[in-house]
Amino acid sequence: MENTKDLTEHSTHSERKRRDSFGMFDGYDSCSEDTSSSSSSDESEEEVAPLPSSLPIIKNNGQVYTYPDGKSGMATCEMCGMVGVRDAFYSKTKRFCSVSCSRSYSSNSKKASILARLQGKPPTKKAKVLQKQPLVAKLAAYAQYQATLQSQAKTKSAVSLEGFSWGNYINSNSFIAAPVTCFKHAPMGTCWGDISENVRVEVPNTDCSLPTKVFWIAGIVKLAGYNALLRYEGFESDSSLDFWCNICGSDIHPVGWCAASGKPLVPPRTIQHKYTNWKAFLVKRLTGAKTLPPDFSQKVSESMQYPFKPSMRVEVVDKTHLCRTRVAIVESVIGGRLRLVYEESEDKTDDFWCHMYSPLIHHIGWSRSIGHRFKRSDITKKQDGHFDTPPHLFAKVKEVDQSGEWYKEGMKLEAIDPLNLSAICVATIRKVLADGFLMIGIDGSEAADGSDWFCYHATSPSIFPVGFCEINMIELTPPRGYTKLPFKWFDYLRETGSIAAPVKLFNKDVPNHGFRVGMKLEAVDLMEPRLVCVATVTRIIHRLLRIHFDGWEEEYDQWVDCESPDLYPVGWCQLTGYQLQPPAPQTSRESQSGSSKQKKKAKSQQYKGHKKKRKMPVGKKPVSLSSLPMTGGVRRSLSGDEELTPPPYRTLPAQTAPEAFPPPSTSREFSPSLKTVTPLQLKEELLDGEEYSFLQGASDQESNGSASYYIKQEP
């Protein structure tokens, strides 16, 4: 054994000496293992007899856990609880995953927390110092802890994200994702620049056995939102080690970052043999190539600073009575999305999710200023720490001139039903408010007291002139109970004695949004606004997008404006820490399809209107709306999550925002050009050993212009 050990140490020393001759470990001596300091820890540890293979560990509920292959199987770190290959663990007894864990364990003050942590219980300050437990007990505690986590995960209402990967989903189906530039409200939406295929970046090299973190250069093969498929430089057409990553992640850097930061560049082990002079190879390949702007990471950080902060007070639509607003408190901010808790909610479960630029939220006093209905709070004064949100933080609406020809009460139009976003319905202007705001009611399904009227601005892209659906071949939903089918606007206006709202009053601006049919994105289910789902653009009518939620029936599709703040690029959830809902599994789709077929009935002459259906993720309880305090008509609510608590989200650290944070503009405010790598720059960076540590070895797109807004289009 001693001879073998000496031989191993000699070969390791020779290998290190050979590599040092190339200057590969210059300045990295601190990364070598400190054997002298670790030996003292090893000697202080108690010897534990090797476990027999297939050692059973019996839980209280009778479930058996087996420790595989005794000596050479898996091991659990007694300090941090990490599970790994036993041979890779430190110390003679293989009780710790690293030298640091071995040293930390020697402190008696931490012994009391180890077993409690493995059991999933936080240690108390008065916990007594425990005696060292045998490894069997530790493994049993860890098995118990893992089983508890698994049982808790099964009870969650949201669809499991385990196993879903945007990269695999796009690759396996050859999907195309909407570019980041389509989403002006999203991080980097206005300063994405010319990031595209063939752009080079510096990324961690995962195909390397060195003990320290090293980097290599990779090129973008495919771009999908924030996510990019990267290939290490030197692999040519070999895609075996291609990998997906988020371009805005902290490990992605422009070419030259390693030189400036003193980080080592190491070619992947798979292609080490291909070239003898990697410096010359990189100079040749990177000369004239494009990379990220040098301030890219700074721009990412700045674009993820949000002016809304917890404890701010806003006015938001009352989800149980759409015709009025209520005061709500910002509880949390994730990626610009706000979790608002209504002020009267004592247990903070009566909440509402929306984006900070949503048209559903306003500054305190907005309702009074325009004549909108408002529910006064039972709380007479502000609670400590709560403060009104500055008005300039909210999205601005276009100014309109109401002095001339304007909307009048009783005028007819077509509007997206806010409670059934898959339908565009016959609607009526019920009240004209100040500053261009209108109260709209859906014909045939209004509550007797008007509690489900909805407020739209005159420039809203969700209202349309009479005949819009017919011209663009969209199914128009007639009033509930209307018998004269097919529906004809001319007959309906004559029968009701109404007039159509003038066409010239509607918003006909169509931006060059960049969306195409079939593009993938992440979209909010506006009937469950706490959920962000995998989605597809299935139809485009000027600025109107038909959003389909992957894995669900078409009846759950929603009409959304191209500039809606509820649409996000692929990878947005990963970037911001929000929870993404993956496509519904096959079993859910089959049961869903079967139930839909059973509900189909024979056609009748009387139209009864769309039944309000709500998309429920697997395991989610349907919410009854029978308790909503409405009178007459159909009880309707903006959201079906009244009795649900939001899933646990990772809270982002508080960020300091500038004093004035204007809403995003439709024009590009900042568009940096990609940095071009020059030969001189490469030589300076690659050949200067002091600055650069180089290691070797180891359509349905009908129209994007306003001119043809009312020209009949093909479906």
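**Entry 1: Lys 348 and its partner**

I began with Lys 348, which counts as partly exposed at 43% relative accessibility. I then looked for a partner in this predicted model, and found that the side chains of Lys 348 and Glu 331 meet in a salt bridge, at 3.8 Å from N to O. Glu 331 belongs to strand S14 (residues 321–334), while Lys 348 sits in the loop between strand S15 (337–342) and strand S16 (351–355), so the pair ties together parts that are 17 residues apart in sequence. Glu 331 is also partly exposed, at 30% relative accessibility.

**Entry 2: other salt bridges**

How many salt bridges does the count come to? I noted 27. Among them I looked up Glu 446 and Arg 430, whose side chains meet at 2.5 Å, N to O. This pair links distant parts of the chain, with Glu 446 in the loop between strand S22 (437–442) and strand S23 (454–457) and Arg 430 in strand S21, 16 residues apart. I have Arg 430 down as partly exposed, with a relative accessible area of 29%.

I went on to Glu 563 and Arg 543, which form a salt bridge at 3.3 Å, N to O. Glu 563 lies in the loop between strand S29 (558–561) and strand S30 (567–568), and Arg 543 lies in the loop between strand S27 (532–541) and strand S28 (544–549), so parts that are 20 residues apart in sequence are tied together by the pair. Is each partner buried or partly exposed? Glu 563 counts as partly exposed at 35% relative accessibility, whereas Arg 543 is buried, with a relative accessible area of 9%.

I also noted a network of salt bridges that links Asp 318, Lys 319, Arg 324, Arg 326, Glu 344 and Asp 350.

**Entry 3: strand S28 and its neighbours**

Since Arg 543 comes from the loop between S27 and S28, I turned to S28 itself. Six of the six residues of S28 are buried, so the strand is largely enclosed by the rest of the structure. I checked both faces and found them covered, with Leu 544, Arg 546 and His 548 buried on one side and Leu 545, Ile 547 and Phe 549 buried on the other.

What does S28 pair with? On the S27 side, I found six bridges joining two strands that run antiparallel, and there Ile 541 stands opposite Leu 544 in S28. S27 and S28 form a hairpin with two residues between them, and in that turn His 542 has a positive phi of about 60°. S28 also pairs with S29 in the antiparallel sense, over four bridges, and here I noted Ile 547 opposite Gln 558 in S29.

**Entry 4: helix H12**

Next I looked up helix H12 (residues 489–496), whose buried residues are Trp 489, Tyr 492 and Leu 493. They cover an arc of only 100° around the axis, which puts them on the same side of H12. On the other side of the helix I found Phe 490 and Arg 494 exposed. What covers the buried residues? The cover includes strand S20 (412–416), strand S21 (424–432) and strand S25 (476–477). Just after H12, I noted that Gly 497 takes a positive phi of about 65°.

**Entry 5: cysteines**

How many disulfides are found in the whole structure? My search ended with zero. Cys 469 is in no disulfide, and the nearest cysteine sulfur, that of Cys 425, is 8.7 Å away. I recorded Cys 469 as buried, with a relative accessible area of 1%, and Cys 455 likewise counts as buried, at 18% relative accessibility.

**Entry 6: Pro 390**

I found Pro 390 in the loop between strand S19 (387–388) and S20, and it is partly exposed, with a relative accessible area of 28%. Pro 390 and His 363 are 27 residues apart in sequence, and their C-alpha atoms are 7.0 Å apart in space.

**Entry 7: confidence**

Last, I went through the confidence values of the model. The chain averages a pLDDT of 74, and 60% of the residues score at least 70. Where does pLDDT stay under 50? One such stretch is residues 152–160, for which the model has 16 contacts beyond four places in sequence. Another is residues 696–715, where I noted 72 contacts beyond four places in sequence.

Methods
Residues are numbered from 1 along each chain as its sequence is written. This is a predicted model: local features need pLDDT of at least 70, side-chain atom pairs count only at pLDDT 80 or more; totals for chains, interfaces and linings use all residues. Side-chain values use heavy atoms; hydrogens and water are left out. pLDDT is the predictor's confidence in each residue, from 0 to 100. Contact means heavy atoms within 4.5 Å. Buried means under 20% relative accessible area, exposed over 50%, partly exposed in between (1.4 Å probe, protein chains only). The arc is that of the directions from the helix axis to the C-beta atoms. A salt bridge is a side-chain nitrogen of Lys or Arg within 4 Å of a carboxyl oxygen of Asp or Glu. Two strands pair if DSSP finds at least two bridges between them. A disulfide is a pair of cysteine sulfur atoms within 2.5 Å.
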